[in-house]
Amino acid sequence: MFARLKKILTFYYMKAVRDKGTPEYIARGWAIGMFVGFAIPFGLQLAVSIPLSFLLKGSKLGSILGTFTTNHFTIFIIYPLQCWIGNKLICGSLSLDRIQCMMRDVLNECNYEALFNAGLEVVVSFFAGGLLFAVISTPICYCVIKQIVIKYRLLREKARAEKAAENGK
């Protein structure tokens, strides 16, 4: 399991650092994707993140990959937690058990009608929690991706310079 996780993380790392553009451009795209991944329900994310990446001049690939924060595996943890925290933000009365039960029904049906049929308090809680997660994670994502790209490019240039010096001898 850890070998597979390492392979997946390496894949995304290489996609991030090898993307064309400035570190800021790449990081902006990833941050857009991260924001949309939390703020927009699963299924509509690409329809929002790609146009946003054009408007905000961010990496299109990064905006796509950034939305993968919420995926078929993580939404079963993130969405109920997002709803519960959002419910606390709006001073709602939903318990975590009730939210988990409702979100399980929504996720099993995999449609937006099920989300909106869960009730206004659940919908508002979902979006409030998602917006909070997005606001917190977006600047962190931007800074981390930017530093990763800069570090990778510096190491790559150093390796190229060392190889050129070796070949020049």
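What share of the contacts in the protein chain with a separation of 6 or more comes from residues 24 or more positions apart? I looked it up: 71% of them, taking contact as heavy atoms within 4.5 Å.

Ground rules for myself. This is a predicted model, where local features need pLDDT of at least 70, side-chain atom pairs count only at pLDDT 80 or more, and totals for chains, interfaces and linings use all residues. Residues are numbered from 1 along each chain as its sequence is written, and side-chain values use heavy atoms, with hydrogens and water left out.

Fold. I found eight helices and zero strands in the protein chain; these are DSSP runs numbered from the N terminus, H or I of at least four residues for helices and E of at least two for strands. The radius of gyration of the protein chain is 19 Å, well over the 15 Å that the globule rule gives for 169 residues, so the chain is more spread out than a compact globule. I note that the radius is taken over C-alpha atoms and the rule is 2.2 Å times the number of residues to the power 0.38. The C-alpha trace spans about 75 × 40 × 25 Å along its principal axes.

Core. Next I checked the largest nonpolar core, which has 30 residues; such a core is a set of buried Ala, Val, Leu, Ile, Met, Phe, Trp, Tyr and Cys residues joined through side-chain atoms within 4.5 Å. Buried means under 20% relative accessible area with a 1.4 Å probe, protein chains only. Helix α8 gives the most to this core, nine residues. Tyr79 is among the residues with the most contacts inside it. Leaving out residues up to four places away in sequence, I see Tyr79 touching Met103, Leu107 and Phe126, among others.

Technical notes. Buried < 20%, exposed > 50% of the residue type's maximum accessible area, 1.4 Å probe, protein only.
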